[in-house]
Amino acid sequence: SDMNILFTLCGRAGSKGVKGKNARDFLDVPLVWYSMANIALYMEKYAGEDDIKIVLNTDSEPLKDLVRRVKDVPVTIIHREESLAGDKVPKVAVILDSLNKAEEAFARKFDMVVDLDITSPLRTVQDVKNAIDRKKQRNDVDVVYSVAPSRRNPYFNMVKEENGFFCKAIPSNFTTRQEAPVFYDMNASIYAYSPDALRNKEHATFFNSGCDAVVMADTGILDIDSEEDYELMQVIAKYLYENEKSFKETFTKANSWK
């Protein structure tokens, strides 16, 4: 059945690790365009009868300018209030602000809010579709988010320091990794929210319960939180765009707006 879906793009002007990262270029294409490319491809291929709206929530003028340059993807700009611009503000609070302002701007209610993290260029349109489809199937969950298979396991090869010694994060006697319970990394790329949950659920503990996930390829993902990560991610991305059709599609679309 057709749904009103709100896509959100959120980015602050300030950032601790990488200066002005949200408005930076990634392989000579503005970083935000990769997320916009995913939305454009989703609308072309999979939106069907769904009605899609897109907002950017930011206090960064350069970021607003970059988003306005893409005529194919109509984005409504929401200026982020100062109270929501600090680095201690939970992302969920910004998403709720985006939802409230979008419902006002478009004079409609939304059935789902899909946040695509600007600093995660390595996602495919299929990943976005998977998250939206899963959320449509699961009315009983507050959010469906993306994960990648974890490279480490707290029962098996993750350790912590305690009283001067290093020991396993969770004591166990598994002899192979295969025996241990499977873990995933939240890769902070895609979140498909229930609007009711955004309004009614405690933001600080939002992800402690009522969640489902979709698995994305492990791209050796680095969050772009340092200059070194920023450089290394471009090396990985270049490899993927050259060798994997589904990644190349996103890059080609984003690159076409230059």
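Me: What volume does the largest pocket have?
Reply: In this predicted model, the largest pocket has a volume of about 720 Å³. A pocket here is an open set of points on a 1 Å grid over the protein atoms alone, where a 1.4 Å probe fits and protein lies on both sides within 12 Å along at least five of seven lines. Grid points are joined across faces, edges and corners, and the volume is the space filled by probe spheres set on the points.

Me: And how many residues line the largest pocket, and which lie nearest its centre?
Reply: The lining of the largest pocket is made of 30 residues, and those nearest its centre are Arg12, Lys21, Lys91, Asp117 and Thr119; a lining residue has an atom within 4 Å of a point. The elements that give two or more residues to this lining are β1 (4–11), α3 (91–106) and β10 (184–193), with the largest share, four residues, coming from β10. Helices (H or I, at least four residues) and strands (E, at least two) are DSSP runs, numbered from the N terminus.

Me: What does the lining look like by class?
Reply: The lining of the largest pocket has twelve nonpolar, nine polar and nine charged residues, where Ala, Val, Leu, Ile, Met, Phe, Trp, Tyr, Cys and Pro count as nonpolar, Asp, Glu, Lys and Arg as charged, and the others, Gly among them, as polar.

Me: Before I go on, what should I know about numbering and confidence?
Reply: Residues are numbered from 1 along each chain as its sequence is written, and side-chain values use heavy atoms, with hydrogens and water left out. Because the model is predicted, local features need pLDDT of at least 70 and side-chain atom pairs count only at pLDDT 80 or more, whereas totals for chains, interfaces and linings use all residues.

Me: OK, whole fold now. How many helices and strands?
Reply: The protein has seven helices and eleven strands. Its radius of gyration is 19 Å, close to the 18 Å that the globule rule gives for 258 residues, so the protein is as compact as a globular protein of that length; the radius is taken over C-alpha atoms, and the rule is 2.2 Å times the number of residues to the power 0.38. Along the principal axes, the C-alpha atoms fill a box of roughly 55 × 40 × 35 Å.

Me: What percentage of the residues counts as buried?
Reply: Of the 258 residues, 46% count as buried, with buried meaning under 20% relative accessible area, exposed over 50%, and partly exposed in between (1.4 Å probe, protein chains only). The accessible surface comes to about 12,900 Å², of which 49% belongs to carbon and sulfur atoms; areas come from the Shrake-Rupley method with a 1.4 Å probe, and for residues only the protein chains shown count as cover.

Me: What share of the contacts joins residues at least 24 apart?
Reply: Among contacts between residues at least 6 apart in sequence, 74% join residues at least 24 apart, a contact meaning heavy atoms within 4.5 Å.

Me: Where does Asp28 sit, and what is its phi?
Reply: Asp28 is in the loop between β2 (25–26) and β3 (29–30), and its phi is near 65 degrees, a positive value in a residue other than glycine. Asp28 is exposed, with a relative accessible area of 57%. Ala107, in the loop between α3 and β6 (112–116), has a phi near 50 degrees, also positive in a residue other than glycine, and Ala107 is exposed at 70% relative accessible area.

Me: Last one: where is Tyr155?
Reply: Tyr155 is in the loop between β7 (143–149) and β8, and it is partly exposed, with a relative accessible area of 22%. Its contacts, again without residues up to four places away in sequence, are Lys168, Ile170, Ser172, Phe174, Ala180, Pro181 and Phe183.
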